[in-house]
Amino acid sequence: MGDGCCTGFARFILVVFNIIFVLSGGGILGAGIWLKVDPDSVNIQKLISVDSHDTAISSTAYVLIGFGGVVFLVGFLGCLGGIKQWKWALGMYIFFLVIIFLGEFSGGIMAAVYKSKVTDELGTTLKKSIAEYKNSSIIEDAWDAVQKTIHCCGVTSYKDYKDYAHFNETVSVPESCCRGNYVDCYTEASNNATKSYKSLNTEGCLNSLQDQLKSNLSIIIGVAIGIAMIQLLGILLACKSCRSSDVDNMV
């Protein structure tokens, strides 16, 4: 009787676990779609992909969409196997759950590696990107959107537009670097002796973009590894249900 109670409880927990698993699959799917349409993420991707062709953010969105759909289907399969006690369904569920577990764990490691890459290479990539400001409307729009949102100018300072994008002394920064009167803004940008900047954003965008990317990657790493650990419980519960199903068939 004790084994029967434990088995029944394990089946119940397995079903509850997979209901949560199905919901999490929907959440991951939604996160992938959000990453593809969120303006800030799209602009950052445009900035870092100009020279390096680094499509990590875009690729991550597609991975999340596909991964979320798979998690949703696997969770449904686990619910079905737990309720009906179909051994084939539980076997497939265990197989796919192990694959997902390994994928999430690997994804967490890859995100950690990319996090270090962001710190080391983002500055160089952004300088190559800003050099294309006048040559690409996509880059121009991306830089303008980022600078207006973060209230920054250039990579490390507003002077980057003269150094890398070949702006002249009269108009040495784009309008997106200004927070007040454009004439005063251009005057402040052209006058290196200016001590008080009232109309010009002087701080570069690099630090803010680094912090934003590293923060997002830290969340991805934590969630991926956390869910992977929780999935170990699902694997153990499914194995228990499979063993119980074998015992029931023998009786």
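The legends below describe an overview and several close-up views of a predicted model.

Residues are numbered from 1 along each chain as its sequence is written. Because the model is predicted, local features need pLDDT of at least 70 and side-chain atom pairs count only at pLDDT 80 or more, while totals for chains, interfaces and linings use all residues, and side-chain values use heavy atoms, with hydrogens and water left out.

**Figure 1. Overview of the fold, which has eight helices and zero strands.** Helices (H or I, at least four residues) and strands (E, at least two) are DSSP runs, numbered from the N terminus, and in that direction the elements run α-α-α-α-α-α-α-α. Of the 251 residues in the protein, 41% are buried, where buried means under 20% relative accessible area, exposed over 50%, and partly exposed in between (1.4 Å probe, protein chains only). The accessible surface comes to about 13400 Å², and carbon and sulfur atoms account for 65% of that area; accessible areas come from the Shrake-Rupley method with a 1.4 Å probe, and for residues only the protein chains shown count as cover. Among contacts with a separation of 6 or more, 69% are between residues 24 or more positions apart, a contact being heavy atoms within 4.5 Å.

**Figure 2. The disulfide of C152 and C205.** A search of the whole structure finds three disulfides, each a pair of cysteine sulfur atoms within 2.5 Å. The sulfur atoms of C152 and C205 are 1.9 Å apart, and the torsion about their S-S bond is about 95 degrees, so this disulfide is right-handed. The pair links distant parts of the chain, since C152 is in the loop between helix 5 and helix 6 whereas C205 is in the loop between helix 7 and helix 8 (206-250), 53 residues apart. Both C152 and C205 are buried. When the bonded cysteines of the protein are numbered in sequence order, the pairing reads 1-6, 2-3, 4-5.

**Figure 3. The disulfides C153 to C177 and C178 to C185.** The S to S distance between C153 and C177 is 2.1 Å, and with a torsion of about 85 degrees about the S-S bond the disulfide is right-handed. C153 lies in the loop between helix 5 and helix 6 and C177 in the loop between helix 6 and helix 7, so this pair ties together parts that are 24 residues apart in sequence. C153 counts as buried at 0% relative accessibility, and C177 is buried with a relative accessible area of 0%. The link of C178 and C185 has an S to S distance of 2.1 Å, but with -80 degrees about the S-S bond it is left-handed. Both C178 and C185 are buried.

**Figure 4. Helix 7 (residues 182-190) and its buried residues.** In this helix C185, Y186, E188 and A189 are buried. These residues cover an arc of only 160 degrees around the axis, which puts them on the same side of helix 7; the arc is that of the directions from the helix axis to the C-beta atoms. What covers the buried residues of helix 7 includes helix 6 (160-163). At the start of helix 7, a side-chain oxygen of N181 reaches to within 2.9 Å of the backbone nitrogen of V183.

**Figure 5. W143 in helix 5 (residues 137-150).** At 0% relative accessibility, W143 counts as buried.

**Figure 6. Aromatic pairs, of which the structure holds six.** Rings of Phe, Tyr and Trp (its six-membered ring) pair if their centres lie within 6.5 Å, and planes under 30 degrees apart count as stacked, over 60 as edge-to-face and the rest as tilted. One of the pairs is formed by F95 and F96, which are edge-to-face at 5.4 Å centre to centre with 70 degrees between the planes; F96 counts as partly exposed, at 32% relative accessibility. Y161 and F167 also form an edge-to-face pair, with 5.2 Å centre to centre and 70 degrees between the planes, and both Y161 and F167 are buried. Ring pairs link Y133, Y161 and F167 into a cluster.

Terms used:
A polar contact is a pair of N or O atoms within 3.5 Å; within protein, one must be able to donate a hydrogen and the other to accept it, and residues adjacent in sequence count only if both atoms are side-chain atoms.
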